[in-house]
Amino acid sequence: MTSTLSRSVLVTGASKGIGKGIARVFSSKGDRVAVLGRDLSAVESTVAEIRAAGGIALACAGDVTSKASMAAVVEAVVGEWGSLDVLCANAGIFPSASLETMTGDDWDTVLNTNLKGTFISVQAALPALKQSAAGRIVVTSSITGPVTGYPGWSHYGASKAGQLGFIRTAAIELARYGITINAVMPGNILTEGLDGMGDDYLAQMSASIPLKRLGSVDDIAHAACYFASVEAGYVTGQTLIIDGGQILPE
Ligand code: NDP
């Protein structure tokens, strides 16, 4: 069982894609959700959807690469609801660049958003999470990097593998506060990012996965809900691959 109390949850990168699904599913379980992205109108649109479904949501324009921005967002959430209990550090980018042509700026942009952005988000949330009876952090990593590779994504893979190194030590440091930190590792998830890829391409991708479909944002959101649940209080520094069996050997 993965029941939650009515808690305050901050989801980064929640204006669309997996983060939006995470925010929606936490809300459906009775949590208050703060929806964060850089584009306020996109964030407000997600918040409107959650409110229309009866949920309690707060729009937060913020940038995970900025310590000041994330501190202000956490202050706003605590100011609104009095607490922050769960951080889902999900924001991420995945531009493609081959190793031969990749610039230092390309590398820095991806590492700053995906890896340093995770550190900044966690550090900004910590003072509030320490006040929670059951502080929880769930990081969105990937199978790409920690388990597999993909051409054009050496920077992305490094950032996603780096997140796992980060949570293993963070788990030890945060245990004294009763805060857990774990990571979900999605495979190929059907998001707006795949719009326009064409039915043939999507069918081909699905066929290569043992469960014969792409993952849904809800598949990832339910795993995040488990790690964030009160019942998962003895699970920390761990990872869960959600990929339909994609990485299993033939
Ligand atoms: P999307 O591109 O659909 O959404 C990314 C979200 O992150 C948006 O809300 C975007 O909003 C936000 N974001 C990007 N940069 C920043 C920033 N600097 N500060 C704050 N928010 C930011 O991506 P997905 O939903 O597909 O991916 C979400 C996470 O899941 C990523 O970490 C990704 O690596 C991971 N993942 C995705 C997989 C997939 O198949 N989709 C597979 C494996 C992992 P805005 O641009 O307005 O700021």
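Which residue in β4 is the bridge partner of V9? I will come to that after some ground rules.

This is a predicted model, where local features need pLDDT of at least 70, side-chain atom pairs count only at pLDDT 80 or more, and totals for chains, interfaces and linings use all residues. Residues are numbered from 1 along each chain as its sequence is written.

The sheet, then. Seven strands make an open sheet with parallel pairing, in the order β3-β2-β1-β4-β5-β6-β7. Strands here are DSSP runs of E with at least two residues, helices are runs of H or I with at least four, and both are numbered from the N terminus. Two strands pair if DSSP finds at least two bridges between them. At the edges stand β3 (56–61) and β7 (239–242), each with a single partner strand, so one side of each has no neighbour in the sheet. From one strand to the next, the twist averages 20°.

Back to the opening question. Strand β1 (residues 8–12) is joined to strand β4 (residues 86–89) by three bridges, and the two run parallel. The bridge partner of V9 in β4 is V86. Packed on the sheet is α4, which touches β1, β4 and β5 (136–140). Touching means C-beta atoms, placed from the backbone, within 7 Å. The direction of α4 makes about 175° with that of β4; axes are lines fitted to C-alpha atoms, for helices over the stretch in contact, and angles run from 0 to 180 degrees between N-to-C directions.

Last, the ligand. Of the 31 residues around the ligand, G13, G17, G37, R38 and G92 come nearest; a residue counts if its C-beta atom, placed from the backbone, lies within 6 Å. α1 gives the most to this shell, with three residues.

Definitions and conventions
Contact = placed C-beta atoms within 7 Å.
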